[in-house]
Amino acid sequence: MKKSFKKIAALVSASVMCAVPMLSNYSASAITQYKTYVIYNNYVKKSGSDMAYFNYTFSYVSGVTAEKSTATSLCSGGYFRSNNDTDSREVQCIYLGDPITKTGALASTKFIVPMSTQDVLHVVNYSDVVIRDVNNKLLRTDNIELETILMGDVNLDGKVTKEDSDAILNYLANQDKYPLDEKQKAAADVYYTGDGVTASDALEIQRYVAGLISHF
(Lines give C-alpha, C1' and ligand atoms only; values in the text may rest on other atoms or scores of the structure.)
Protein backbone atom coordinates (compact mmCIF):
# COMPACT_ATOMS: atom_id res chain seq x y z
CA MET A 1 0.00 0.00 0.00
CA LYS A 2 2.80 2.44 0.88
CA LYS A 3 4.49 1.73 -2.46
CA SER A 4 1.21 2.55 -4.22
CA PHE A 5 0.98 5.87 -2.41
CA LYS A 6 4.54 6.70 -3.43
CA LYS A 7 3.81 5.89 -7.07
CA ILE A 8 0.69 8.11 -7.00
CA ALA A 9 2.62 10.96 -5.41
CA ALA A 10 5.40 10.64 -7.98
CA LEU A 11 2.93 10.63 -10.85
CA VAL A 12 1.15 13.73 -9.54
CA SER A 13 4.42 15.59 -9.09
CA ALA A 14 5.68 14.58 -12.54
CA SER A 15 2.47 15.56 -14.30
CA VAL A 16 2.44 18.96 -12.62
CA MET A 17 6.04 19.74 -13.49
CA CYS A 18 5.42 18.73 -17.10
CA ALA A 19 2.51 21.15 -17.33
CA VAL A 20 4.27 24.09 -15.70
CA PRO A 21 6.77 24.99 -18.45
CA MET A 22 4.04 25.34 -21.08
CA LEU A 23 2.38 28.25 -19.27
CA SER A 24 5.03 29.77 -17.04
CA ASN A 25 6.51 32.13 -19.65
CA TYR A 26 3.16 33.81 -20.21
CA SER A 27 1.80 33.71 -16.67
CA ALA A 28 4.90 34.91 -14.85
CA SER A 29 4.78 38.23 -16.70
CA ALA A 30 0.98 38.56 -16.76
CA ILE A 31 0.10 37.85 -13.13
CA THR A 32 0.85 39.94 -10.07
CA GLN A 33 1.22 37.58 -7.14
CA TYR A 34 0.15 38.04 -3.53
CA LYS A 35 0.53 36.24 -0.24
CA THR A 36 -2.52 34.64 1.32
CA TYR A 37 -2.82 34.63 5.11
CA VAL A 38 -5.53 33.18 7.32
CA ILE A 39 -5.94 34.55 10.83
CA TYR A 40 -7.55 32.22 13.37
CA ASN A 41 -9.29 33.47 16.52
CA ASN A 42 -8.47 30.73 19.01
CA TYR A 43 -10.37 30.32 22.28
CA VAL A 44 -7.81 29.47 24.96
CA LYS A 45 -9.89 30.18 28.11
CA LYS A 46 -7.20 31.64 30.36
CA SER A 47 -9.64 32.76 33.04
CA GLY A 48 -13.29 33.19 33.96
CA SER A 49 -16.38 31.25 32.95
CA ASP A 50 -17.24 30.00 29.48
CA MET A 51 -17.81 32.67 26.87
CA ALA A 52 -21.28 33.07 25.40
CA TYR A 53 -20.65 36.27 23.43
CA PHE A 54 -17.76 37.78 21.54
CA ASN A 55 -17.17 40.40 18.93
CA TYR A 56 -14.10 41.78 17.19
CA THR A 57 -13.01 43.93 14.27
CA PHE A 58 -10.18 43.50 11.79
CA SER A 59 -9.24 46.70 9.96
CA TYR A 60 -6.90 46.47 6.99
CA VAL A 61 -4.89 48.93 4.94
CA SER A 62 -5.29 49.86 1.29
CA GLY A 63 -3.92 47.20 -1.04
CA VAL A 64 -5.17 44.33 1.13
CA THR A 65 -8.17 42.22 0.17
CA ALA A 66 -10.20 40.51 2.89
CA GLU A 67 -13.02 38.03 3.20
CA LYS A 68 -15.58 37.92 6.00
CA SER A 69 -14.83 35.64 8.94
CA THR A 70 -15.96 32.02 8.80
CA ALA A 71 -17.17 30.28 11.95
CA THR A 72 -16.01 26.85 13.07
CA SER A 73 -18.11 24.17 14.73
CA LEU A 74 -17.40 25.74 18.14
CA CYS A 75 -19.87 28.48 17.21
CA SER A 76 -22.62 26.11 16.08
CA GLY A 77 -24.62 26.67 19.27
CA GLY A 78 -25.57 30.24 18.57
CA TYR A 79 -25.89 33.20 16.22
CA PHE A 80 -22.72 34.03 14.27
CA ARG A 81 -22.44 36.85 11.79
CA SER A 82 -19.55 38.49 9.97
CA ASN A 83 -19.44 41.37 7.54
CA ASN A 84 -16.66 42.73 5.33
CA ASP A 85 -17.12 46.44 4.64
CA THR A 86 -14.76 47.14 1.75
CA ASP A 87 -15.38 50.91 1.93
CA SER A 88 -14.19 51.24 5.52
CA ARG A 89 -11.87 48.23 5.08
CA GLU A 90 -13.18 46.44 8.16
CA VAL A 91 -14.19 42.86 8.89
CA GLN A 92 -16.58 42.71 11.83
CA CYS A 93 -17.71 39.58 13.61
CA ILE A 94 -20.17 38.74 16.39
CA TYR A 95 -21.27 35.56 18.19
CA LEU A 96 -24.13 35.23 20.68
CA GLY A 97 -25.39 31.90 21.90
CA ASP A 98 -24.72 28.91 24.10
CA PRO A 99 -21.59 28.98 26.27
CA ILE A 100 -18.56 27.66 24.40
CA THR A 101 -17.08 24.93 26.58
CA LYS A 102 -14.28 23.69 24.34
CA THR A 103 -11.09 25.46 23.38
CA GLY A 104 -9.87 25.80 19.81
CA ALA A 105 -10.45 27.89 16.69
CA LEU A 106 -13.64 29.97 16.79
CA ALA A 107 -13.34 31.62 13.38
CA SER A 108 -10.95 32.22 10.52
CA THR A 109 -10.47 35.23 8.24
CA LYS A 110 -8.59 35.30 4.96
CA PHE A 111 -6.43 38.23 3.86
CA ILE A 112 -4.67 38.60 0.51
CA VAL A 113 -1.71 40.94 0.92
CA PRO A 114 1.18 42.31 -1.19
CA MET A 115 4.19 40.01 -1.60
CA SER A 116 6.35 42.50 0.29
CA THR A 117 4.36 41.90 3.50
CA GLN A 118 6.51 40.18 6.12
CA ASP A 119 3.84 39.95 8.82
CA VAL A 120 0.11 40.10 8.14
CA LEU A 121 -0.43 41.88 11.45
CA HIS A 122 1.58 44.80 10.06
CA VAL A 123 -1.23 45.49 7.57
CA VAL A 124 -4.19 44.17 9.59
CA ASN A 125 -5.24 45.57 12.98
CA TYR A 126 -7.26 43.58 15.53
CA SER A 127 -9.47 45.70 17.81
CA ASP A 128 -12.84 46.26 19.50
CA VAL A 129 -12.65 42.88 21.22
CA VAL A 130 -15.43 42.17 23.72
CA ILE A 131 -16.04 38.83 25.42
CA ARG A 132 -18.89 38.06 27.82
CA ASP A 133 -20.24 35.01 29.63
CA VAL A 134 -23.84 33.80 29.75
CA ASN A 135 -24.57 36.29 32.56
CA ASN A 136 -23.27 39.18 30.42
CA LYS A 137 -20.18 39.52 32.60
CA LEU A 138 -17.11 40.84 30.82
CA LEU A 139 -14.28 38.36 30.40
CA ARG A 140 -10.63 39.10 29.71
CA THR A 141 -9.87 39.65 26.04
CA ASP A 142 -6.82 37.38 26.22
CA ASN A 143 -9.20 34.42 26.33
CA ILE A 144 -8.99 34.71 22.53
CA GLU A 145 -5.58 34.57 20.87
CA LEU A 146 -4.70 35.15 17.23
CA GLU A 147 -2.85 32.60 15.11
CA THR A 148 -1.61 33.57 11.65
CA ILE A 149 -0.91 31.07 8.88
CA LEU A 150 0.75 31.79 5.53
CA MET A 151 -1.19 29.56 3.18
CA GLY A 152 0.98 27.18 1.18
CA ASP A 153 3.87 27.41 3.65
CA VAL A 154 3.64 23.77 4.69
CA ASN A 155 7.15 23.48 6.13
CA LEU A 156 6.64 26.77 8.04
CA ASP A 157 9.84 28.42 6.82
CA GLY A 158 8.11 31.71 5.99
CA LYS A 159 7.84 31.29 2.22
CA VAL A 160 6.01 29.20 -0.36
CA THR A 161 8.26 27.03 -2.52
CA LYS A 162 8.29 23.67 -4.29
CA GLU A 163 9.51 22.15 -1.00
CA ASP A 164 6.04 22.80 0.41
CA SER A 165 4.44 20.83 -2.40
CA ASP A 166 6.97 18.05 -1.81
CA ALA A 167 6.06 18.02 1.89
CA ILE A 168 2.43 17.30 0.97
CA LEU A 169 3.35 14.53 -1.46
CA ASN A 170 5.65 12.93 1.11
CA TYR A 171 2.89 13.13 3.73
CA LEU A 172 0.39 11.48 1.40
CA ALA A 173 2.88 8.74 0.56
CA ASN A 174 3.83 7.94 4.16
CA GLN A 175 2.17 9.84 7.00
CA ASP A 176 4.15 8.01 9.65
CA LYS A 177 7.50 8.92 8.15
CA TYR A 178 6.55 12.44 7.02
CA PRO A 179 3.94 13.69 9.52
CA LEU A 180 2.33 17.14 9.43
CA ASP A 181 1.05 18.87 12.55
CA GLU A 182 -2.27 20.72 12.65
CA LYS A 183 -0.80 24.07 11.65
CA GLN A 184 1.01 22.50 8.71
CA LYS A 185 -2.19 20.78 7.59
CA ALA A 186 -4.03 24.09 7.72
CA ALA A 187 -1.29 25.75 5.65
CA ALA A 188 -1.41 22.88 3.15
CA ASP A 189 -5.16 23.05 2.56
CA VAL A 190 -5.08 25.61 -0.25
CA TYR A 191 -7.39 23.90 -2.78
CA TYR A 192 -11.06 23.63 -1.75
CA THR A 193 -10.29 24.58 1.83
CA GLY A 194 -11.88 22.20 4.31
CA ASP A 195 -11.43 18.94 2.43
CA GLY A 196 -8.14 18.08 4.15
CA VAL A 197 -4.69 17.60 2.63
CA THR A 198 -4.83 16.17 -0.90
CA ALA A 199 -2.70 15.90 -4.01
CA SER A 200 -4.72 18.81 -5.42
CA ASP A 201 -3.18 21.03 -2.74
CA ALA A 202 0.30 20.02 -3.90
CA LEU A 203 -0.69 20.82 -7.48
CA GLU A 204 -2.07 24.22 -6.49
CA ILE A 205 1.14 25.14 -4.66
CA GLN A 206 3.23 24.15 -7.69
CA ARG A 207 1.00 26.32 -9.89
CA TYR A 208 1.52 29.25 -7.51
CA VAL A 209 5.30 28.74 -7.40
CA ALA A 210 5.35 28.66 -11.22
CA GLY A 211 3.45 31.96 -11.39
CA LEU A 212 0.29 30.48 -12.88
CA ILE A 213 -2.06 31.83 -10.18
CA SER A 214 -1.96 35.07 -8.21
CA HIS A 215 -2.93 33.74 -4.77
CA PHE A 216 -4.72 30.92 -2.97
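The model contains 7 salt bridges, a salt bridge being a side-chain nitrogen of Lys or Arg within 4 Å of a carboxyl oxygen of Asp or Glu. This is a predicted model, in which local features need pLDDT of at least 70 and side-chain atom pairs count only at pLDDT 80 or more, while totals for chains, interfaces and linings use all residues. Residues are numbered from 1 along each chain as its sequence is written, and side-chain values use heavy atoms, with hydrogens and water left out.

**Salt bridges**

- Lys45 and Asp50 form a salt bridge through their side chains, with an N to O distance of 2.6 Å.
- Lys45 has a relative accessible area of 34% and is partly exposed; that class lies between buried (under 20% relative accessible area) and exposed (over 50%), with a 1.4 Å probe and protein chains only.
- Glu145 and Lys46 are joined by a side-chain salt bridge at 2.9 Å, N to O.
- Because Glu145 lies in strand β9 (residues 144-150) and Lys46 in the loop between β1 (34-43) and β2 (51-60), this pair ties together parts that are 99 residues apart in sequence.
- Both partners are partly exposed: Glu145 has 32% relative accessibility, and Lys46 has a relative accessible area of 47%.
- Lys159 and Asp157 make a salt bridge between their side chains at 3.2 Å, N to O.
- Lys159 is partly exposed at 47% relative accessibility, and Asp157 is partly exposed with a relative accessible area of 36%.

**Asn174**

- Asn174 sits in the loop between α2 (162-173) and α3 (182-188).
- Asn174 counts as buried, at 11% relative accessibility.
- The Asn174 side chain reaches the backbone nitrogen of Asp176 at 3.2 Å.

**Chain as a whole**

- The protein chain has 4 helices and 9 strands; helices (H or I, at least four residues) and strands (E, at least two) are DSSP runs, numbered from the N terminus.
- Along the sequence, the elements of the protein chain follow the pattern α-β-β-β-β-β-β-β-β-β-α-α-α.
- The protein chain has 216 residues, of which 41% count as buried.
- Among contacts in the protein chain with a separation of 6 or more, 74% are between residues 24 or more positions apart, where contact means heavy atoms within 4.5 Å.
- The protein chain has an accessible surface of about 11,500 Å², and 52% of that surface belongs to carbon and sulfur atoms; accessible areas come from the Shrake-Rupley method with a 1.4 Å probe, and for residues only the protein chains shown count as cover.

Note on methods
Polar contact = N/O pair within 3.5 Å; in protein donor to acceptor, adjacent residues only side chain to side chain.
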